[in-house]
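Thanks for coming. I have one structure to go through today, so please look at the display first.

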Amino acid sequence: MTVSEVSAVSTDPGLCTPLAVLGRDVRVPLVTGGEVTYAALDYAASAPALQRVWDDVAAYAPYYGSVHRGAGYLSQLSTDLFEQSRAAVADFLGCRPDDQVIFTRSTTDSLNLLAAALPAGTRVFVFETEHHASLLPWQRADGAEVTCLSAPRTPEQAVAALDVALHGAPKGPKLVCVTGASNVTGEVWPVRELAAAAHRHGARIVLDAAQLAPHHPVDVAALDVDWVAFSGHKLYAPFGSGVLAGRADWLREAEPYLAGGGATRTVTRAGDGGLDVEWHTTAARHEAGSPNVIGAYAVASACRALTEAGFDRLVAREQALLTRLRDGLADIPEVRLLSLFSGDAPRVGVLSFTVAGWNSSHFAAALSAEYGIGVRDGLFCAHPLLRTLLGAPSAGPGECGAPDAAPGEPSLNALRVSFGAGTPEEHITRFLAATRTLVRDGAAWSYRNENGRCVPSPR
Ligand code: PLP
């Protein structure tokens, strides 16, 4: 088998929508008896693997070999596949010719890598609305100074606030980190305008595309962002890989993220008895250790699958489902949708809300146990944003059980529904029907707190 044959192995990506994903027929038991097909509505946490990705990985698996460190046929094939995957990701992201694509473990890993690569004394600007993965790595960067901007209430306010903050910043290296689409509200941020503001003031910008890339084409050159980060497991490729792509200069000059084999060109004994190390200046500099070729190949496969399916068609379909979902929830007076920007702001298929009189953990547990619907509850690794949106302190882990917020009072945590290219419309219909019934009739079962999780009692 050759590399091109491996690349060609795939089932039909299925131009009919939704795209085929693993787990689409999984049946789960209901606490009230019987079983139903699982409705996965937590894509924002981890999306199911595309069938196409799974098939590509399965076709390659027998040919698996070491990358960049073997003379055998399979090692060479695997090395070629790994490098072709890099090129496929660069293509998917619309990278500039001299950008680097580094395979990491996840978005968190990518942003920590960039934080470790900042030139000394870099001033970093973030909004408090970020996911912790894009809020926190900069705090640990050696010598970096972090400015955390308050939550804007419109996209224009975001750009204006950044402009003011950068205008007042002293000379020296500066980095702006911004999310493309919120993992809480699904709102799309004005990335191009923020990039223009950053560049007007001589700053660089990194785009956290963990939630944007699975839902919307990302074009690095057109958006004019300096770096972009995303995770394979949110892009239908849950095989342990993420990506950091963008400008090579800071990365080339930084200390390697990990010290070890693969990142070095030569290692020699120094005259003083120590070691002289010459590090690579390519992406390999930050990819020490044996690369996760299956993870990289899976990401590339997902990129190809989304492109071939027609991303615009996927976006249109997702927007239709989102409108149904938002309209359906808007018809339930007890439901409060959480949003920062106004109702007509562009969004992806991620939506958070509270239900008056309900603890969100209780509601999510009932959706799962009584209806076979998987959503997420909590503060979604975006505590400052949730506190702003809820106007209340966050709840501790012990609040599961009976409704803890009286009708009309703010809930202490939230629910999130998220979906994507593999979601059938029926899942949205079922979710809306279950939500209406729960709000009207209450839960049919009782629930208790077990190690911080709300679980049916008895199970
Ligand atoms: N950024 C955003 C906007 C996210 O939603 C997430 C995860 O939910 C991350 C970063 C971190 O992604 P990962 O857990 O794959 O590192």
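By salt bridge I mean a side-chain nitrogen of Lys or Arg within 4 Å of a carboxyl oxygen of Asp or Glu. Across the interface of domain 1 and domain 2, that rule finds one salt bridge.

Before going on, the caveats. This is a predicted model, where local features need pLDDT of at least 70 and side-chain atom pairs count only at pLDDT 80 or more, while totals for chains, interfaces and linings use all residues. Residues are numbered from 1 along each chain as its sequence is written, and side-chain values use heavy atoms, with hydrogens and water left out.

Now the domains. Domain 1 covers 27-49 + 310-456 and domain 2 covers 53-307; these bounds come from an automatic or database domain assignment. Their C-alpha centres are 30 Å apart. Between them they bury about 3,100 Å², 60% of it on carbon and sulfur atoms. Buried area is the accessible area (1.4 Å probe) that two parts lose on being put together, summed over both. On the domain 1 side, F311, L340 and F341 supply 25% of the area buried against domain 2, more than any other three residues.

Last, the ligand. What lies 2.6 Å from an oxygen atom of the ligand? A polar side-chain atom of H233 does. For T108, a side-chain N or O atom is 2.5 Å from a ligand oxygen atom.

How values were computed:
A polar contact is a pair of N or O atoms within 3.5 Å; within protein, one must be able to donate a hydrogen and the other to accept it, and residues adjacent in sequence count only if both atoms are side-chain atoms.
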